[in-house]
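Thanks for coming. I will go through one model today, element by element, and give the cut-offs as the terms come up.

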Amino acid sequence: MTEALLIKLAIVILFLPLIGFTVALFFAKKVKKVYLVEIVLIIATFLLSVVLLYSKLVYYPNNNITSEFQWINLGTGPIMGKVTVDLGMFLDNVTVIMMFAVALISMLVHIFSIGYMEGDKRYNRYFAYLGIFTFSMSGIVLTHNVLMMYIFWELVGLSSYLLIGFWYEKKSASDAAKKAFIVNRIGDIGMFTGILILFTTYHTFTFQTVFHQISQGVLPFNSETGLTLMGILLFCGAIGKSAQFPLHVWLPDAMEGPTPVSALIHAATMVAAGVYFVVRMFPLLSGGALFVIAVIGALSAFIPATIALTQNDIKKVLAYSTISQLGYMILALGVGAYKFAFFHLITHAFFKALLFLGSGSVIHAMHHEQDIRNMGGLRKKMPITYATFLIASLAISGVPLFSGFLSKDGILAGTFAFGYITGQWFFAIVGYFVALLTAFYMFRLVILTFHGKPRDQHKYEHAHESSFVMAMPLVVLATLSIFFFYTPNPVNPEAGWFLKWIKTPELVTPQSSRYSFMRSDAKEPASMTEIKSAEAGPEVMYSETYEDALHHAHIPGLILSLLLAGGGILLAFMFYQWKKLDPDKLANKVQPLYKLSFNKWYFDEIYYASFVAGTVGLSKSLAWFDNTIIDGLVNFSATFTRGFSRASGKFDNIVVDGLVNFMAYLSAFIGLIFRRFQTGKVQTYIVLVIFSLVILLLIFKTF
Amino acid sequence: MTHIGLNHFLVISSILFCLGIFGIVTRKNAVMVLMGIELILNSANINFIAFARYGNFGFQGQLIALFVIVLAAAEAAIALAIVLNIYKTFSNINVDEIDKLRD
């Protein structure tokens with residue numbers, strides 16, 4: 001396996017799903033079984049990504065492989081300077097692991113969809129859309145520059161739009177698709193502005209070149225504030241795509257799409273693209289930008305977690321849980337726990353995809369019933385679904401032996417360490433509180449769905465375990481939610497292989513703009529030799545202080561998070577299984593809080609009242625302006641032109657036509673006179689001839 | 001008794017010419033118009049012969065007069081034929097009423 005071969009492999013992985021998309025879309029109506037092409041291609045994509053993962057991690061664990069070519073060369077312009085655009089690929093451990101996760105979940109969702117979408121009238125088109133989504137997502141993962149990332153970013157937005165609105169006959173589905181697309185646009189405006197700042201400053205889109213230039217001291221607007229601003233603007237894209245706090249409203253609505261789509265796009269991969277983007281640009285984020293990111297992450301972790309407590313739609317609960325978990329990752333990046341953010345991204349992708357596919361299995365069995373108040377007792381009917389769903393719930397709640405515990409504990413330890421060093425305990429408190437809430441609402445969901453007595457007897461009778469194509473992906477994902485794939489030691493991820501592959505990148509921001517603990521102790525800026533030597537000894541992430549704090553945080557953090565997870569699960573059992581406590585009574589006691597949570601903190605209403613109504617009002621006033629002022633101007637000019645034309649018409653009719661008519665009458669008059677001579681009588685002619693002769697003689701007389 | 005000279009002939013021929021013109025212009029009958037033409041031709045003949053007699057031209061004048069007489073005969077024949085055809089077409093030979101030339 002040479003490096004060039006790996007790049008070729010990555011290119012093949014990228015374009016295989018696109019071929020599947022093209023074939024499935026063009027033959028969707030003619031060939032019934034064309035979706036099989038897409039499925040075969042996606043399985044091939046997955047196998048190739050396994051090869052890619054293996055060869056990269058085994059043969060080049062410490063190398064970053066880049067391949068690029070010049071796409072556009074506009075030469076040197078007057079304002080922009082040199083304008084060249086390079087396209088290319090960048091393969092490091094983060095890339096190949098992410099690529100593996102994307103390909104695996106995509107393949108499992110394809111297989112699951114064979115059963116779930118059975119009998120749908122746009123069956124082939126559905127698989128075509130999944131194909132273009134996989135293509136775009138692979139593009140985001142594999143690219144080495146921010147421009148390509150932006151292009152694929154919009155492409156995943158498009159495929160998300162197509163798939164949310166897949167059942168577009170339903171008004172709510174098409175509305176949700178539009179909402180998702182528009183809300184994402186708001187974030188993308190920020191991201192686009194950030195890209196423009198980046199390009200005008202560095203004349204390149206390539207991450208590595210930008211990092212290099214920043215480490216040389218080139219800053220946007222020549223100030224650290226400029227760098228912070230650029231980082232926050234780029235992060236806006238992630239806010240939109242990862243459904244973070246102010247723009248999170250689209251994700252719960254996106255659940256109108258088919259459930260496997262929610263698993264693939266709106267839980268595991270696309271929404272994680274925002275986190276992946278922040279992971280990619282992590283070295284250029286200054287302390288200020290990171291702090292903003294941490295605040296947004298904390299809010300996004302907290303608010304949706306409280307909303308998830310009271311929702312009754314199984315998919316909505318999972319959607320809010322997704323936002324909350326993504327908030328965790330963003331928070332982790334914000335407090336500098338880079339490794340654990342990416343770790344959580346991967347573990348979350350697996351167990352959240354599992355939760356969604358499990359809920360899809362339930363929904364399918366219950367004939368599209370999504371309200372958990374009508375479920376219950378499904379444990380006996382659907383043992384595989386129940387077992388896998390339980391594993392995923394244990395993982396997301398942070399119970400040891402499962403993957404979620406490892407990554408979430410790392411994040412919590414990161415916030416703990418951050419609080420220890422900087423005194424900002426806010427993030428740690430939010431993190432731990434959300435861990436409690438997560439355990440509670442997940443087990444509320446499990447108990448209401450699978451335990452107890454069936455509340456809708458009729459639907460319960462008809463429920464049945466899903467077929468092989470739907471159960472197999474659940475089992476695969478459940479296996480991947482167990483600690484063993486990440487580390488041999490179930491309580492300490494540091495010892496595992498996963499974190500050995502993921503290294504926190506060297507920051508390139510100026511020392512003065514970093515968090516105090518991220519300032520490197522070395523006198524000189526980091527150079528290649530230093531990175532090499534750091535690999536030899538125990539890795540120092542940022543500074544000794546940080547390592548110390550992280551080390552101290554590990555044990556208390558671990559115990560606290562265990563207690564909270566256990567407490568949350570216990571509470572859920574008390575409320576819903578053993579009925580020791582009555583949830584309705586509690587809800588009545590804290591009526592305003594309950595209402596706030598049940599109505600999703602009124603975000604939709606606030607946005608409707610402010611932005612939607614504001615936009616409509618603005619549009620109305622603009623329409624008024626158009627109708628009265630612009631139309632008035634146009635009408636005035638029309639009236640004026642008409643009047644002018646009328647006058648000019650009069651001039652034509654009277655003066656010009658008059659002249660012409662006068663000439664005509666004159667000719668007629670002359671003709672009338674001369675007609676007299678033309679009598680037709682020979683004698684008259686002769687008289688005329690003679691007279692003329694006489695006159696001529698008189699004129700020319702010479703005598 | 002004055003001597004009869006060239007002027008007398010010329011006056012006679014002029015009178016004859018004017019009468020011919022007068023005949024052509026005033027007469028309604030086509031035959032009368034033809035007679036007017038004959039008068040004009042004859043006035044010309046008189047001129048030729050008078051100049052031949054009093055001028056120093058040899059016999060050329062008389063010869064041309066002979067030609068004119070022959071020509072007049074031919075012309076009269078053709079003209080009478082035309083008049084006959086006119087009569088066939090219009091049922092009269094009144095020149096006043098024949099104004100087809102106007103069209």
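Helix H3 of chain A covers residues 93-116, which is 24 residues, and from its first C-alpha to its last it reaches 34 Å. That is close to the 34 Å expected at 1.5 Å a residue, where the expected span is 1.5 Å times one less than the number of residues. Helices here are DSSP runs of H or I with at least four residues, strands are runs of E with at least two, and both are numbered from the N terminus. Of the 24 residues of H3(A), 22 are buried, so the helix is largely enclosed by the rest of the structure. Buried means that 20 or more other C-beta atoms lie within 10 Å of the residue's own; exposed means 12 or fewer, partly exposed is in between, and the C-beta atoms are placed from the backbone.

Before I go on, a note on the source. This is a predicted model, in which local features need pLDDT of at least 70 and side-chain atom pairs count only at pLDDT 80 or more, while totals for chains, interfaces and linings use all residues. Residues are numbered from 1 along each chain as its sequence is written, and chains are lettered from A and ligands numbered from 1 in the order in which they are written.

Now the strands. Is strand S1 of chain A, residues 65-77, enclosed or in the open? Of its 13 residues, the number buried is zero, so S1(A) lies largely in the open. The hairpin from S1(A) to S2(A) goes through three residues. Across the pair, Gln70(A) stands opposite Asp86(A) in S2(A).

Next, helix H12 of chain A, residues 287-308, which includes Ala308(A). The 22 residues of H12(A) should span 32 Å at 1.5 Å a residue, and the end C-alpha atoms are 31 Å apart, which agrees. In H12(A), 16 of the 22 residues are buried, so this helix too is largely enclosed by the rest of the structure. Ala308(A) is itself buried, with 27 other C-beta atoms within 10 Å. Which residues does Ala308(A) contact, leaving aside its neighbours within four places in sequence? They are Val317(A), Tyr320(A), Ser321(A), Ser324(A) and Tyr441(A), contact meaning that C-beta atoms, placed from the backbone, lie within 7 Å. Ala308(A) and Arg444(A) are 136 residues apart in sequence, with their C-alpha atoms 10.0 Å apart in space.

Two loop residues come next. Most residues other than glycine have a negative phi. His203(A) has a phi near 55°, which is positive, and is found in the loop between helix H6 (171-202) and helix H7 (207-215) of chain A. Lys600(A) has a positive phi near 60°, and lies in the loop between helix H25 (591-598) and helix H26 (603-675) of chain A. His203(A) is partly exposed, with 15 other C-beta atoms within 10 Å, whereas Lys600(A) is buried, with 21.

Last, the chain as a whole. Chain A has 27 helices and two strands. Its radius of gyration is 37 Å, well over the 27 Å that the globule rule gives for 703 residues, so chain A is more spread out than a compact globule. The radius is taken over C-alpha atoms, and the rule is 2.2 Å times the number of residues to the power 0.38. Of the 703 residues of chain A, 47% count as buried.

Definitions and conventions: Two strands pair if DSSP finds at least two bridges between them. Two residues are in contact if their C-beta atoms, placed from the backbone, lie within 7 Å.
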